[in-house]
Amino acid sequence: MKVAVFSTKSYDRTFLTAANADKHELVFFEPRLNLETSVLTAGFPAVCAFVNDSLDAKTLRAIAQNGVRLLALRSAGFNHVDLAAARDLGLTLLRVPAYSPYAVAEHAVAMILSLNRKIHRAYNRVREGNFALDGLLGFDLHGKTVGIVGTGKIGALTAKILHGFGCRLLGYDVSPNTDCLALGMEYVALAQLFANSDIVSLHCPLIPETYHLIGAEAIGQMKPGMMLINTSRGQLIDTKAVTKGLKSGRIGYLGLDVYEQETDLFFEDLSNQVIQDDVFQRLLTFPNVLITGHQAFFTEEALQNIAETTIGNITDFEQGRTCANQIDLREVKK
């Protein structure tokens, strides 16, 4: 198939080209897919998109009019796609439901360790010749209570790693994970998890019920000085409410690999520009905040898995085979 691949960086080209092995004709475009760039899809029956492409109704209509029939997402999440519009246009949506849960779980734990032991601050101090330890005091993870919100593959692996540190585990999920129960995790109500956890790590999907899951009410239930980690979806967190929580001291540490308004920021080099997002800029002023630019997934293993699954999805569609990674649009509300 002839496939238009959007939002591509050098690493996307490298891994997709290797996985493709000349099966399909891949044409790489650096720009993000949106209504303005949709003209580039003319003559392509398939489009490969990433998390920050704008796949709203107008864009989907435009690419469908250009002859696109397949939308292959090289991501697990699909909250950036207007599913009702995709269904009405007869588009087929395929995704990568899992690539490397180890990558994200390990990054979440790396953020916990970095925030706790002030690694990011110590690194800068030492480079400036400052070897004083004042302000770098941490705590033992051993014996601390960690609340895992969402205990699917990534949440369960995060729990397993933290269990190795000797942490007590609390969990919240609509379906308890037997692997987590085997670790001694106790499933509790969300309010109880917030009230008793020294660290809360988010690993749940973005659905209407989880939008701004962490807002003023949730923060008010949290243990004073707790640590909040989000490597899942940016919109799980109400950033303005979290900023107030940081100022009050209710949140003692914040680690974010995702941000609710990240579309215009992440995956781009903006070092020579003035960032216009005042809420994001305010977060950067806190010494107890660590932000990475949606890189939790970014390992060699994950990129290889994403590329191989994406190419496999496209091949299934081309050959008319049932694809296990197809998003079922039949139950989408109008």
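Buried means under 20% relative accessible area, exposed over 50%, and partly exposed in between, with a 1.4 Å probe and protein chains only. This is a predicted model, in which local features need pLDDT of at least 70, side-chain atom pairs count only at pLDDT 80 or more, and totals for chains, interfaces and linings use all residues. Residues are numbered from 1 along each chain as its sequence is written, and side-chain values use heavy atoms, with hydrogens and water left out.

**Stop 1: the sheet**

Helices (H or I, at least four residues) and strands (E, at least two) are DSSP runs, numbered from the N terminus. Two strands pair if DSSP finds at least two bridges between them.

Select the seven strands of the open sheet. Their order is S8-S7-S6-S9-S10-S11-S12, and the pairing is parallel. Strand S8 (186-187) and S12 are the edges, each pairing on one side only.

Now select strand S9, residues 199-202. Which way do the side chains point? Ile 199 and Ser 201 go one way, Val 200 and Leu 202 the other. All four are buried. In a regular strand the side chains alternate between the two faces of the sheet.

Four bridges join S6 to S9, and the two run parallel. Val 149 stands opposite Leu 202.

Val 200 has Leu 228 as its bridge partner in S10. For Ser 201, the partner in S10 is Ile 229.

Stay on S10 and pick Met 226, which lies in this strand. Met 226 is buried, with a relative accessible area of 1%. The C-alpha atoms are 8.7 Å apart in space, while the residues are 28 apart in sequence.

**Stop 2: the rings**

Rings of Phe, Tyr and Trp (its six-membered ring) pair if their centres lie within 6.5 Å; planes under 30 degrees apart count as stacked, over 60 as edge-to-face and the rest as tilted. A search of the whole structure finds ten aromatic pairs.

Select Phe 50 and Phe 297. This pair is tilted, at 6.1 Å centre to centre and 55° between the planes. Where in the chain do Phe 50 and Phe 297 lie? Phe 50 is in the loop between strand S3 (46-49) and helix H2 (57-65). Phe 297 is in the loop between strand S12 (289-291) and H12, 247 residues apart from Phe 50. Phe 50 counts as buried at 13% relative accessibility. Phe 297 is buried too, with a relative accessible area of 8%.

Next, select Tyr 259 and Phe 280. Their ring centres are 5.1 Å apart and their planes at 55°, so the pair is tilted. Tyr 259 lies in the loop between strand S11 (251-256) and helix H11 (278-283), and Phe 280 in helix H11, so the pair ties together parts that are 21 residues apart in sequence. Both Tyr 259 and Phe 280 are buried.

One more ring: select Phe 44 with Lys 2. The charged end of Lys 2 sits over the ring of Phe 44, 4.8 Å from its centre. The test asks for NZ of Lys or CZ of Arg within 6 Å of the ring centre and within 35 degrees of the ring normal.

**Stop 3: the cavities**

On a 1 Å grid over the protein atoms alone, a cavity is a set of points where a 1.4 Å probe fits but cannot get out, and lining residues have an atom within 4 Å of a point. Grid points are joined across faces, edges and corners, and a volume is the space filled by probe spheres set on the points.

The structure holds two cavities of 30 Å³ or more. Select its lining: Tyr 11, Asp 12, Phe 15, Leu 16, Phe 50, Arg 74, Phe 297, Leu 303, Ile 306 and Ala 307. H1 gives the most, with four.

The second largest cavity has about 70 Å³ of space. Its lining includes Tyr 11, Asp 12, Phe 50 and Phe 267.

Methods
On a 1 Å grid over the protein atoms alone, a cavity is a set of points where a 1.4 Å probe fits but cannot get out, and a pocket is an open set with protein on both sides within 12 Å along at least five of seven lines; lining residues have an atom within 4 Å of a point.
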